[in-house]
Amino acid sequence: MSRWLPPFLRLGLLALLLAFLFRPAWFSGLLQPLVQDGAPAIYNQGDLLTLTLLHLRTVAIATLGATVVAIALAVLVTRPIGAEFLPLSRSLVNIGQTFPPVAVLALAVPAVGFGEKPTLIALFLYGLLPIFENALTGLTTLPPSVMEAARGAGMTGFQRLVRIEIPLASPVMLAGIRLSVVIGLATATIGSTVAAKTLGEVIIAGLQSNNLAFVLQGGLVVAALAVLIYDAFSALERAAARRMGRI
Amino acid sequence: MIEINTVTKRYGANTVVDAVTMTIAPQTITVIVGTSGSGKTTLLRMINRLVEPSEGTIRIDGEDILAIPGYQLRRRIGYAIQGHGLFPHRTVAQNIATVPELLGWDRARIDAKVAELLTLFQLDPAAFGNRFPHELSGGQQQRVGVARALAAEPNVLLMDEPFGALDPIIRAKAQDDLLAIQKHFGTTIILVTHDMDEAFHLADKVAVMDKGRLLQYDAPAELVLRPATPFVETLIGAADRPLRLLSIAKAAEVVEPGAAEGEPLSATDSLRDALSALMWSGRETLPVAGEDGTILGHVSLQALLQRAARPQ
Amino acid sequence: MRFRPDKLGVVIAALALCGVLLAPFSLFRANRIVPGEAKSLLDSLPAWAGLLLLAAVIAASLVALARSPAVVRLAVAAVCLVALLLGIGLAALHLTPPENSYARVSPASGFWLLCFAFALLAADAITRLKPKPLARILFLAAALLVIAFVLLSGSWDELSLLKEYANRAETFWLEAGRHVMLALGSLLAAVVAGLPLGILCHRTPALRGAVLNSLNIVQTIPSIALFGILIAPLGWIALNVPGAAAIGIRGIGMAPAFVALFLYSLLPVVANTVVGLGGVPRDVNEAARGLGMTDSQRLWRVEFPLALPVILTGVRIVLVQNIGLATIAALIGGGGFGVFVFQGIGQTAMDLVLLGAAPTVLLAFVAAIVLDALIDMNAKASNRKTTA
């Protein structure tokens with residue numbers, strides 16, 4: 001759960017990102033040397049801010065869906081009623097992670113067509129695994145004495161889940177969500193190969209027109225988003241873990 | 001009163017608790033001792049149905065525990081365990097308030113109870129209430145664990161090696177605190193331990209278990225004087241017998257009239273402590289003082305030696 | 001005693017039932033581009049084969065529902081999966097009119113659902129059997145043999161997937177070679193560079209944070225962007241460094257893809273080396289020092305063998321990740337199975353997508369199983385070493 005950047009650098013990065021998204025023209029001088037024959041230095045086939053927001057929206061929707069489903073599944077297989085599925089679900093997570101995101105994306109197209117939908121499906125499926133894996137770890141490694149005390153105090157199964165198990169597992173669950181978001185941010189760019197509106201559009205336009213400035217700005221905006229979101233999640237996890245004396 | 005009647009617990013072909021019958025008088029401390037794997041913890045956990053008995057019945061004040069849903073039963077019975085099991089994400093006050101909250105007490109009553117218990121366990125409510133468990137020392141955590149178990153004013157308190165994780169000095173203090181608390185609330189306590197010193201220090205009656213069977217269930221002195229089986233004798237430790245006898249009696253019981261020289265003993269000191277003081281001071285007798293400081297008489301080395309000898 | 005069905009069996013039977021009754025088994029198209037016509041299981045196959053497969057599916061569902069032993073479940077699942085593989089090939093043969101080279105038959109959702117159901121049954125049985133590492137590799141080898149047999153026997157030749165393959169068999173193996181080269185080559189380079197870097201980071205804590213943070217940040221750059229960004233510097237090197245072009249360094253093509261994969265691979269290798277070496281028990285290290293080992297003796301005889309399982313875990317992450325990411329290389333002309341995936345997306349020819357995606361998934365799957373087995377063997381070995 002290490003922080004990637006010291007706080008002042010993080011603020012600087014955020015300021016830079018916002019400046020670039022709202023006033024890209026300020027940076028055109030900087031990017032101009034990267035393009036040839038007077039090609040545009042700033043992406044001109046759409047608004048960068050809009051694409052960024054769409055990119056974030058796609059990742060947010062997919063991650064939210066993945067979080068709900070993954071945690072529900074993890075809770076289910078750790079209850080007595082779903083215990084029979086626990087060993088299998090562990091293997092499935094292991095196997096599932098070998099599916100490359102591009103393959104998931106491409107194979108979703110025949111089912112739902114081009115556009116945002118296959119991207120959402122790929123991000124959702126790919127995001128499930130780290131969250132499920134972490135939620136499972138969190139729910140199966142709770143301190144036995146605490147669980148014994150919770151039962152001994154007369155909590156029902158549901159009360160134990162809501163009051164003890166989920167709060168205690170939350171830092172590990174958050175780490176899974178963080179992982180899923182960071183993977184999702186990068187994977188969403190590939191969504192543009194199936195015509196989803198994400199920052200991948202900028203990169204692919206750059207690749208097609210041999211415009212390095214496009215590739216660079218698309219890539220760096222995604223990277224900056226990933227770093228900032230990663231750090232924000234890490235801060236949340238630390239806050240949650242500190243309350244429990246895990247640090 | 002807790003009546004345990006031919007209670008058996010089997011896991012597959014493995015019988016962990018084998019037809020145990022015992023009756024525990026109200027407002028006493030019963031200590032269950034035995035080696036690990038003797039079934040003592042399983043027996044304890046059947047009383048609050050953390051383990052369901054395979055056979056037999058358990059009644060608390062006449063009521064069959066199987067007639068009450070497990071979680072409701074557990075809200076009426078205090079439960080304290082080794083390593084305290086405090087909820088790490090809840091404050092000390094929230095931890096103690098667990099069962100009253102489950103029972104739906106109103107806020108004011110809960111707050112008052114939490115403050116009362118913290119004070120009783122020598123923890124300042126203002127200073128400790130809002131701390132998290134990991135901010136406390138081991139001894140403090142253990143006290144909060146017991147306070148949590150007592151929060152809903154249960155008649156019965158089950159304790160599974162509650163002092164196992166404490167170092168010897170804090171442990172002795174915790175044991176004395178427990179005796180004081182038991183007097184204060186009149187709680188019926190059943191405590192599991194493998195520490196014989198602890199058992200003799202705390203118990204009104206001791207239950208010795210081995211391989212799932214209850215070998216002997218008696219007052220501590222009976223265990224020393226009339227061990228039911230060789231196993232009980234070994235567990236108590238043949239060499240320690242006289243000292244065990246001394247440790248369960250108080251100085252007040254052997255006071256003889258007459259004055260003596262030296263630092264007075266307290267009437268509530270155990271005879272073992274009295275012997276120790278006599279030997280250390282090199283005297284034949286020492287005075288005994290009551291709680292108010294008045295001299296009640298003296299104890300003599302001779303009387304102690306008679307007390308510790310095998311009865312003829 | 002009342003019959004209590006196996007809970008997973010209920011799920012599997014439900015999936016199988018949906019696969020048979022509700023979803024089409026195969027898709028028939030008059031040519032490669034037109035929308036298809038869905039065919040149910042019984043419509044797809046000659047009557048005898050359809051009924052036989054149906055019977056097999058029902059029998060297997062019943063076995064799954066009963067609380068049967070894991071070995072039986074595995075055998076039944078394996079038989080069903082082979083029957084499904086042969087069945088879909090037979091469907092293609094049955095549905096394609098004679099002498100018609102335009103018609104296409106592809107597996108449809110029902111087929112995939114049935115495959116998923118029985119793969120689930122097999123996976124659960126294998127999980128319950130807890131096979132030893134070597135046995136797992138043998139299972140894998142058996143499965144690969146079956147797939148090879150189905151492919152080589154020609155029973156799939158009428159299937160659209162293999163028609164796509166037949167049209168570009170040569171390119172397929174060329175791209176396969178490139179894909180493996182990209183994934184394995186970059187892994188090798190990352191191990192050669194990452195191990196010493198990891199050891200260095202372990203020994204010099206001051207370096208650790210900076211190196212790991214930089215590598216972490218590299219990971220956040222989306223793959224297509226990193227591939228693209230590297231085009232420029234590599235193009236410059238090719239033009240300006242004598243001899244660079246001769247050894248294959250170019251702005252586009254495999255070189256930037258290779259470098260990008262190498263950069264992505266460094267983090268897991270370095271981080272796991274650091275974690276692995278850091279996890280060596282203190283007392284073991286103390287004992288080694290006490291016995292008079294020099295630092296390098298300690299590293300090679302004590303620390304490294306004990307850290308090996310963790311380092312191998314890093315290698316597994318990298319290999320599986322690289323096999324997936326290498327598909328992206330096609331976007332910058334780097335080749336690999338991605339060529340078929342992106343061509344297929346461009347032509348909305350899903351069988352072509354499958355021609356690229358299926359071998360990629362298979363490759364990643366094989367890599368994961370083999371490396372997991374290796375890790376388990378090593379973990380056992382080093383456990384023995386510490387307790388002995």
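## Chain contacts and layout in a predicted three-chain model

Nine residues of domain 1 of chain C are in contact with 10 residues of domain 2 of chain C, where contact means that the C-beta atoms of two residues, placed from the backbone, lie within 7 Å. This is a predicted model, so local features need pLDDT of at least 70 and side-chain atom pairs count only at pLDDT 80 or more, while totals for chains, interfaces and linings use all residues. Residues are numbered from 1 along each chain as its sequence is written, and chains are lettered from A and ligands numbered from 1 in the order in which they are written.

Let's stay with chain C for a moment. Its domain assignment gives domain 1 (7–162) and domain 2 (169–387); such bounds come from an automatic or database domain assignment. The C-alpha centres of domain 1 and domain 2 of chain C lie 34 Å apart. On the side of domain 1 of chain C that touches domain 2 of chain C, strand 3 (104–107), helix 6 (133–152) and helix 7 (160–167) of chain C each give two or more residues. Helices (H or I, at least four residues) and strands (E, at least two) are DSSP runs, numbered from the N terminus. Helix 6 of chain C gives the most to this side of domain 1, with four residues. By class, this side of domain 1 holds four nonpolar, two polar and three charged residues. Here Ala, Val, Leu, Ile, Met, Phe, Trp, Tyr, Cys and Pro count as nonpolar, Asp, Glu, Lys and Arg as charged, and the others, Gly among them, as polar.

Now to chain A, which has 10 helices and zero strands. The C-alpha trace of chain A spans about 75 × 45 × 25 Å along its principal axes. Of the 247 residues in chain A, 48% are buried, meaning that 20 or more other C-beta atoms, placed from the backbone, lie within 10 Å of the residue's own. Among the contacts in chain A with a separation of 6 or more, 73% join residues 24 or more positions apart.

For "transmembrane region", an unreviewed UniProt entry lists residues 51–77, 98–115, 121–147, 168–192 and 212–236 of chain A; UniProt positions are in the numbering used here, feature names are shortened, and annotations may be inferred rather than shown by experiment. Residues 51–77 of chain A are 100% helix and 0% strand, with end C-alpha atoms 38 Å apart. Over residues 168–192 of chain A, the chain is 92% helix and 0% strand, and the end C-alpha atoms are 38 Å apart.

How does chain A meet its partners? Two pairs of chains touch, and the most contacts are between chains A and C. Chain B and chain C do not touch, and their nearest C-alpha atoms are 17 Å apart. The two sides of chain A are set out here.

Definitions and conventions
Buried ≥ 20, exposed ≤ 12 C-beta atoms within 10 Å, placed from the backbone.
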